[in-house]
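Take a walk through this structure, one piece at a time.

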Amino acid sequence: MMLHAMPHAADLHAAAETLLFIAETTSGERRRRTAAVAVVLRALERCVDGADGREFLRRRAEREIAALRDGEAALLTRLLLTGPEAEGDAPLVDALVDYAYQLETTRRLPEADAVLRLARAVAPGSATVALHAGRVARRQGDRVRALELYRTARSLDAAGGAIARLARIGEAVVSADAEARLGEVARAARAAGDGEAVGVALEERARIRRARGARRRAALDLCRAVLRFPDPVDRARVAHQLADLYVAEGDLPAAREALLLALALGERSQRDHARGRLHAVSRDLGDRVGMRRWRPYSPPPLISLGSRPRTPRECSDAGRLALWRERLVAAPA
């Protein structure tokens, strides 16, 4: 197998070396998984430069992938199979970005950064790759590099489309006056009719407001984000965050309303998670009917904040939240 139109053996080598270093400084399952992707990149490197031993490395990579037996295995197989039938570099770049996102969602940020550095080397003119790389740099705490990558993404999306709007959100988050900047970006995105960008901006502003103790304003931002996001999965994710906020504030009846919204809007894993949390909230409220109704039949798939508040809140937002939830669920899609 020889890859054409992809003269990036040096970049593949550098990425594989980085991943091997990460593997050497970690342990357990993470070490095994990081070493596996390093072997995959080594095999791709040999295919690109036509060096001897490429078939041996390819077979070794296939064995490493087969041992994973999960979604990551499918993504690595996709990387390994990027071959001569591909037109240009786009298939490899898409596979790298998708894999980096998987790494990011499982909090393996150094590995995600290494994969995205490779993707940027392959496609330096991609606004999408720069945007993803900026987010990973921000989550790693590298504000300077994140700002540089966000600005790069915005400049590459010269038409000022969805990527540029998301890049502006990233720039706002790492700026000194993040809260005010996010409000400006949200208004601009709303004027452009980009509901997803509005939702992202409001979700980020809610996180900042909550961190500084402005929980009521954070809750309002999260409610607005639910309304703006077009994807039900995003809406359910934000509803779970709203429940977290109300649990921390001691308003369990309002947390229950937020979880009922997640139950109505989410996909299967989000609904299962909501049911488990509703059982816990019902238990802490002394609601035996709720405990019977939401009794879990299997361990919850996700972990979230516990529902026992240290300081219960006297005045609940549950009534207003219930009316809002009912109207939202009843509204046509």
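Is glutamate 104 buried or exposed? Glutamate 104 is buried, with a relative accessible area of 4%. Here buried means under 20% relative accessible area, exposed means over 50%, and partly exposed lies in between, using a 1.4 Å probe and protein chains only. The model is predicted, so local features need pLDDT of at least 70 and side-chain atom pairs count only at pLDDT 80 or more, while totals for chains, interfaces and linings use all residues. Residues are numbered from 1 along each chain as its sequence is written, and side-chain values use heavy atoms, with hydrogens and water left out.

Now look at the partner. Arginine 139 forms a salt bridge with glutamate 104, and their closest N and O atoms are 3.3 Å apart. A salt bridge is a side-chain nitrogen of Lys or Arg within 4 Å of a carboxyl oxygen of Asp or Glu. Arginine 139 sits in helix α7 and glutamate 104 in helix α5, so the pair ties together parts that are 35 residues apart in sequence. Helices are DSSP runs (H or I, at least four residues), numbered from the N terminus. At 38% relative accessibility, arginine 139 is partly exposed.

The structure holds 33 salt bridges. Another one joins the side chains of glutamate 203 and arginine 237, at 2.5 Å from N to O. It links distant parts of the chain: glutamate 203 belongs to helix α11 (residues 195–211), arginine 237 to helix α13, and they are 34 residues apart. Glutamate 203 is buried at 14% relative accessibility. Arginine 237 is partly exposed, at 31%.

Aspartate 221 and arginine 209 make a further salt bridge, with the closest N and O atoms 3.0 Å apart. Aspartate 221 lies in helix α12 and arginine 209 in helix α11, 12 residues apart. Aspartate 221 is buried, at 0% relative accessibility. Arginine 209 is buried too, at 7%. Elsewhere, salt bridges that share partners join Glu29, Arg30, Arg32, Arg33, Asp70, Glu72, Arg108 and Glu111 into one network.

Turn to the nonpolar side chains. In soluble globular proteins, nonpolar side chains tend to be buried together. A nonpolar core is a set of buried Ala, Val, Leu, Ile, Met, Phe, Trp, Tyr and Cys residues joined through side-chain atoms within 4.5 Å. The largest one has 49 residues, and Leu41, Leu76, Leu79 and Tyr99 have the most contacts inside it. Helices that each supply at least two residues of this core include α1 (9–24), α2 (28–49) and α8 (143–156). Helix α5 gives the most, with 8 residues. Leucine 76 touches Val37, Val40, Ile65, Leu68 and Tyr99, not counting residues up to four places away in sequence. Contact means heavy atoms within 4.5 Å. Apart from this core lies another, of 47 residues, among them Leu182, Leu202, Ala236 and Trp294.

Finish at helix α14. Of its 14 residues, 11 are buried, including Leu252, Glu257 and Leu265. The buried residues of α14 pack against α12 (215–228), α13 (232–249), α15 (268–285) and α17 (318–330).
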